[in-house]
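Have the model open as you read.

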Amino acid sequence: ISKLQTYFLSHSLQAKMSKPVQARRLEGLDKNIWVEFVKLAATYSKVNLGQGFPDFPAPDFLTEALSRALGGGNHMLHQYTRAFGHPPLVKVLAQFFGKLLGRELDPMTNVMVTVGAYQALFCCFQALVDEGDEVIIIEPFFDCYESMVKMAGGTPVFVPLRPNPPKDGKLMSSADWQLDPAELASKFSERTKAIVLNSPNNPLGKVFSRGELGLIAELCVKHDVLCISDEVYEWLVYDGKQHIRIASLQGMWDRTVVVGSAGKTFSATGWKVGWVVGPDRLLQHLRTVHQNSVYHCATIAQEAVAQGFQRELTLYGKPESYFIQLPKELQQKRDWLVQSLDDVGMKPIIPEGTYFLVADISQFKSDVPDVPNSDEPYDYRFTKWMVKNKGLAAIPLSAFYSEAHKNNYTNFIRFCFAKEEATLKAANDILQKWKQEKTSS
């Protein structure tokens, strides 16, 4: 190559590289708690109670349905199905949720299948939130809500659940974390497009009461605001609590998109089958996002999930229903972990629902060395130290708060108790050994 060619080549490369590469909407959204902590857990943990997935098998009836779909001779199950949902799945979802919501649902217009609840949420924010719109998010919140609102051009507006500890010395419950009605009402304005509701709530395990949902519904109707209702843990409620669907309240069906997940419903998080249920006036816009992004979900997984729901529709309300058996099993696991944590001095907040349990780690401050000049929240430092030195993985609670509020909640961490008995026993062994070390030091 001549000197002249070399000169032009080097200068053209420099010119190309000087332009910003990423879209502005991605600025500040590159960090992700799960990427960092999943890597830490994989490297150091002996027991992983961090990320929210079961380490026990999905139910036999579901895996058998998948096997039948794979080997049953219907070769079309290996090909594309309807873009917005495999017909057998949307039909049974319409039947099932129509029964729960007390209305007739059209499977073709009131239900859409997505690649997990995560894509369902992405479709909601992309389809319904515009540049400059405000979206109210209740803290603590599943972290993707904030990022997805920002990527859509919206502005997140945060309102916290405030803890109100019982005065009788009992352990706190997730029900003791409540919205301040006046504070919530103050967040609604002419710019408010939507509110995100997550009940049962991840990470706290709070199941919103009828009174709390009624307050949210009243404000949505008054201000003509949409509701994105993330209900992926709808079957995982304990102690006789009831999951109330906000779309069933007066004035809410026409303004609510309900998000669901086969991963959480059937303990098969890796299948990535989710859905949205709602009025066609909202779902038509979600379909536009879906068809221009993912377009289509795995046919064979949708077929198996359809068979799972068909079974549960037949067994609805009966003791052998998986939706009754699973929460019973998980409530026992929750209680074991509550006892283990309480015994060593981590004060658990007893969750009314979900896979998760938040614990207060205030009594462990002397265990974790200070890091001079560090602006990292204490719960981040604690969980990193714990996984590296004790082999037990958890997630810092402040990861579920906005930047403005996270420093108010740095004495808590989140555990997942949807695990095998052997996993929870191994966690207890680590905690007991830790307690002995603290006692003898």
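Helices here are DSSP runs of H or I with at least four residues, strands are runs of E with at least two, and both are numbered from the N terminus. The peptide bond that joins Asn202 and Pro203 is cis, with omega about 25 degrees. This is a predicted model, in which local features need pLDDT of at least 70 and side-chain atom pairs count only at pLDDT 80 or more, while totals for chains, interfaces and linings use all residues. Residues are numbered from 1 along each chain as its sequence is written, and side-chain values use heavy atoms, with hydrogens and water left out.

Another cis peptide bond joins Glu139 and Pro140, with omega about -5 degrees. Pro140 belongs to the loop between strand 3 (134-139) and helix 6 (144-151). Now follow the chain from helix 8 towards strand 8 (226-230): Asp224 lies in the loop between them. Although Asp224 is not a glycine, its phi is positive, about 55 degrees.

Next, the salt bridges, each a side-chain nitrogen of Lys or Arg within 4 Å of a carboxyl oxygen of Asp or Glu. The whole structure has 20 of these salt bridges. One of them pairs the side chains of Glu183 and Arg162, at 2.8 Å from N to O. Glu183 is in helix 7 (residues 181-186) and Arg162 in strand 5 (residues 162-163), so this pair ties together parts 21 residues apart in sequence. Glu352 and Lys241 also form a salt bridge through their side chains, at 3.6 Å from N to O.

Stepping back, the chain divides into domain 1 (29-57 + 322-440) and domain 2 (60-315), with bounds that come from an automatic or database domain assignment. Their centres, taken over C-alpha atoms, are 25 Å apart. To the contact (heavy atoms within 4.5 Å), domain 1 gives 38 residues and domain 2 gives 46 residues. Between domain 1 and domain 2 there are 2 salt bridges.

Finally, turn to helix 12 (residues 322-344) and helix 14 (residues 421-440), which pack at an angle of about 5 degrees with axes 9 Å apart. Axes are lines fitted to C-alpha atoms, for helices over the stretch in contact, and angles run from 0 to 180 degrees between N-to-C directions. Helix 12 and helix 14 are therefore roughly parallel, a label for angles under 35 degrees. Among the residues that meet are Trp336 and Leu341 in helix 12, and Leu424 and Leu431 in helix 14.

Conventions. Parallel < 35°, antiparallel > 145°, perpendicular 65-115°, else oblique.
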